[in-house]
Amino acid sequence: MAKLHLPTSSTPQMAPDSAASPLAATGYSSPSRRQLLVGATAVAAVGLTAGRASAAGAPAVTAPAFARATDLGAAAQKARVLGWAKDTWHSLVAMTDAKTGLPADNINGGLGVADRSGYTSPTNIAGYMWSAIVARDLGIITKGECTRRLVQTLNTLLRMEHHDPSGMYYNWYDESTGAKLTSFPGSGDRIDPFLSSVDNGWLGASLRVVASADRGVAPLANRLFKRMRWDAFYDTNASRKPGLMHGGFFPVQPPNRTDGFYGNHIGVGPDVWLTNHHYDTTVSETRITSYLGILTGQVPANHYFAMWRTFPDDCGWNWQEMQPVGQNRTYLGVDVYEGAYSYRGMHIVPGWGGSMFEELMPDVFVPELSWAPRSWGINHPLHVRAQREHGLNEAGYGYWGFSPSSNPAGGYREYGLDVLGLNPEGYFSDQEKTDVKLAYADCRDAVNPNPTFGDGVVTPHAAFLAMMHEPGNAFTNLAKIQDELKAYGAGGFYDAVAVKSGKIAERYLSLDQAMVMGAIGNVLADNVLRRAFSTDAVKRALQPVIGMEEFGAGIA
C-alpha cells in the first residue's frame with residue numbers, strides 16, 4: 001500500500017466569501033481529514049408529529065439497549081461488541097509511543113512499531129485520551145492504568161510547542177518526540193505549521209472529558225484547556241453575521257500564498273495569517289469548536305445561527321445537489337433559512353459531504369438528541385436511516401455506513417451519501433464516484449436521476465457512530481462486515497472495505513478507531529463521554545441555544 005499522509009483537519013466548506021480552493025486551508029498537497037476529518041420506530045422515538053418533534057415529547061438520552069436484530073441474544077451481542085472494543089483499544093495502544101504517550105495518526109495492519117505513520121495531530125491525541133476513559137469504564141484497563149496513560153500524554157502536551165497567545169496546537173507533531181513537524185516523515189513533503197480550529201476543537205473536547213472523568217488528571221487537563229482561546233478563530237467580519245469560525249491560521253504567511261490575511265482577533269501577541277475560508281455549515285464535525293466557544297463565553301451564543309442549514313433555494317444557488325425545501329425563522333436576532341434536502345420520503349438537513357462523521361461526531365460528546373429535540377433529535381435518526389436505506393435498498397450494497405476513510409484501492413477518500421451533501425463535487429459511496437443531482441426547479445435538469453451504483457465502500461466507524469441511534473441495525477451490519485467481508489484484524493475492524501471487489505484497506509486510523517471507542521462507550525457504558533463532557537455548566541450554556549431551534553427535517 002502506498003505511503004499515506006492523512007491529515008485530520010477539516011477542509012474549508014467553501015464559504016461564499018471564500019475564493020480558496022478546497023485544500024487551501026491546510027497548506028498541504030496531500031488530502032485532509034474532510035478532503036483527505038432507524039426505521040419508522042426510530043422516527044417515532046424522537047417524537048415526530050407531522051414531520052416535527054415536540055420538545056416536551058423528546059426522550060432523555062440514555063444508553064440504548066441492544067435490539068434483537070439478529071439470532072444472537074442481547075447478552076451475546078453486548079459481549080461481541082465488548083470484544084470489538086478490546087481489539088480496537090489494542091490498535092490504539094499499538095499506535096502509541098511508550099515514552100511520549102502520543103498516538104500515531106495511522107498504522108498498518110501489522111501493528112508493529114515500524115508500521116506507525118511517524119506523525120500525529122491534536123485530534124489523534126484527543127481521540128487516544130477519550131478512548132482511555134472508555135477502555136477504563138468498559139473494564140478493558142484498570143483505573144490506575146488509565147490515569148497513568150493520561151498523565152503521560154498530558155505532560156507531553158504541556159511541553160510541546162504551541163501558539164502561546166491562543167494556547168492552540170499545530171497540526172503535525174512527531175509522535176515519538178512531541179516535536180513540531182515542518183516536513184512529513186519519509187516523503188519530506190513541506191509542512192507550513194498551521195493551527196486548525198476543528199483539530200484544536202477535538203483536543204479541547206477531550207480535555208474537558210478527561211478533566212471531568214478522572215480526578216487524578218483534572219489539574220493538568222484544566223490547565224491546558226484554560227489557556228485555549230476559541231475567540232482566536234472567531235471572525236465578526238465574515239459574510240455571515242454575527243460571525244463565523246476561521247478554518248485556522250498560520251503564524252506567518254506561507255510562501256506563495258495569497259488566500260489569507262494578517263489579523264488578530266484576541267489582541268494578544270503578533271498578528272497571524274488567517275484563512276479566508278470559514279466553517280459555515282452546521283451539519284459538520286466543526287460545530288464542536290462553536291460549542292466550545294459558546295460554553296466558555298468567548299464566542300456569542302447567536303454565532304450558532306450564523307451557519308447555513310442549507311443554502312438558499314433560489315436559482316442562484318442551483319449548483320448544490322438539489323433544491324432545498326424550508327422556511328425562514330429567527331433565533332437570537334439572526335435570520336435562518338431552515339432548509340432541508342428530500343430523500344426517500346424524508347426531509348434531512350445535509351452535511352457538506354453527506355458523511356456520518358459530519359452528522360454524528362459531535363453527538364458523541366453533546367447529547368444533541370435530547371437537548372435539541374426539534375433539530376438534532378430529528379435529523380440524527382433520519383440521517384442514519386438514510387445511510388442504511390442507501391446501502392441496503394437504493395444502491396444494493398448489502399452493507400452501509402459511509403464516511404471519509406482509507407481507500408481500499410490506496411490512499412484516502414471521502415465517502416458519503418452524495419445527495420445529502422451540500423458540496424457540489426460530492427462525497428460518493430462507491431469507487432466509481434457515481435454522481436446524482438436532482439432537478440432544480442426550472443433552472444437545472446436532473447443529472448443521472450436513476451443511477452446504477454458500483455463498488456460501494458463501507459467504513460466501520462460510520463456504523464459504530466450509527467449504533468448510538470440504531471443499535472440493533474448497526475450491530476447486524478457490523479457483524480456482517482466482519483463475518484462476510486472479513487474486514488477485521490488484530491486491531492479490530494479495518495478502516496474500509498469495498499463490498500463488491502472485496503478489497504480491504506488494512507490500516508487503522510487513530511481518529512476512526514477513537515470514534516469506534518467513543519460510540520461503544522456511550523452505548524455500553526451509560527453515555528460515558530456525554531456524561532463527562534456535558535457538565536451542568538455546559539448544559540446551562542448550550543442547551544438553551546441549540547434547544548430553541550426547529551430544523552426543516554422530518555417525514556416528507
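Student: Where is Pro242 placed?

Tutor: In this predicted model, Pro242 belongs to the loop between β7 (234-235) and β8 (244-246).

Student: Which kind of peptide bond joins Lys241 and Pro242, cis or trans?

Tutor: As a general rule, most peptide bonds are trans, and most residues other than glycine have a negative phi. The bond between Lys241 and Pro242 is cis, with omega about 15°.

Student: How many residues of helix α7 are buried?

Tutor: In α7, 9 of its 9 residues are buried, and the helix is described as mostly covered. Among them are Arg287, Thr289, Tyr291, Gly293 and Leu295. After α7 comes Gly297, with a positive phi near 80°.

Student: How do α7 and α15 cross?

Tutor: One reads the distance and the angle between the two axes. The axes of α7 (residues 287-295) and α15 come within 9 Å and cross at roughly 120°, so α7 is oblique to α15. The crossing of these two helices is right-handed. On the α7 side, the contact is made by Tyr291, Ile294 and Leu295; on the α15 side, by Val538, Ala541, Leu542 and Ile546.

Student: At what angle do α3 and α4 cross?

Tutor: Helix α3 (residues 122-137) and helix α4 (residues 143-159) have axes that come within 9 Å and cross at roughly 165°. Angles over 145 degrees count as roughly antiparallel, and α3 and α4 are therefore roughly antiparallel to each other. Their crossing is left-handed. The residues of α3 in the contact include Ile125, Tyr128 and Met129, and those of α4 include Cys146, Leu150 and Leu157.

Student: Let us turn to aromatic rings. How many aromatic pairs are there?

Tutor: Rings count as a pair when their centres lie within 6.5 Å. By this rule there are 30 aromatic pairs. One of them joins Trp308 and Phe311 in an edge-to-face arrangement, 5.5 Å centre to centre with 70° between the planes. Trp308 and Phe311 are both buried.

Student: What is the geometry of the pair formed by Trp376 and Phe551?

Tutor: That pair is edge-to-face, with 5.0 Å centre to centre and 75° between the planes. Trp376 lies in helix α10 (residues 376-394), and Phe551 in the loop between α15 (536-547) and β24 (554-555), so the pair ties together parts that are 175 residues apart in sequence. Trp376 is buried, at a relative accessible area of 0%, and Phe551 is buried with a value of 0%.

Student: Which residues do ring pairs link into a cluster?

Tutor: One such cluster is made of Trp84, Phe464, Phe475, Tyr488 and Phe493.

Student: Which charged ends sit over the rings of Trp308 and Tyr399?

Tutor: Here one looks for the charged end of a lysine or arginine above a ring. The charged end of Arg240 sits over the ring of Trp308, 3.6 Å from the ring centre. Over the ring of Tyr399 sits the charged end of Lys480, 4.9 Å from the centre.

Student: Finally, how is a single residue's surroundings read? Which residues does Ile504 touch?

Tutor: Begin with its location. Ile504 is in strand β22 (residues 504-505) and is buried, with a relative accessible area of 19%. Leaving aside residues up to four places away in sequence, Ile504 touches Pro408, Leu485, Lys486, Ala487, Tyr494, Ala496 and Val497. Tyr494 is 10 residues from Ile504 in sequence, and the two are 7.2 Å apart in space, C-alpha to C-alpha.

Terms used. Residues are numbered from 1 along each chain as its sequence is written. This is a predicted model: local features need pLDDT of at least 70, side-chain atom pairs count only at pLDDT 80 or more; totals for chains, interfaces and linings use all residues. Side-chain values use heavy atoms; hydrogens and water are left out. Rings of Phe, Tyr and Trp (its six-membered ring) pair if their centres lie within 6.5 Å; planes under 30 degrees apart count as stacked, over 60 as edge-to-face and the rest as tilted. Buried means under 20% relative accessible area, exposed over 50%, partly exposed in between (1.4 Å probe, protein chains only). Helices (H or I, at least four residues) and strands (E, at least two) are DSSP runs, numbered from the N terminus. A charge sits over a ring if NZ of Lys or CZ of Arg is within 6 Å of the ring centre and within 35 degrees of the ring normal. Axes are lines fitted to C-alpha atoms, for helices over the stretch in contact, and angles run from 0 to 180 degrees between N-to-C directions. Angles under 35 degrees count as roughly parallel, over 145 as roughly antiparallel, 65 to 115 as roughly perpendicular and the rest as oblique. A crossing is left-handed if the near helix is turned anticlockwise from the far one by less than a right angle, and right-handed if clockwise. Contact means heavy atoms within 4.5 Å.
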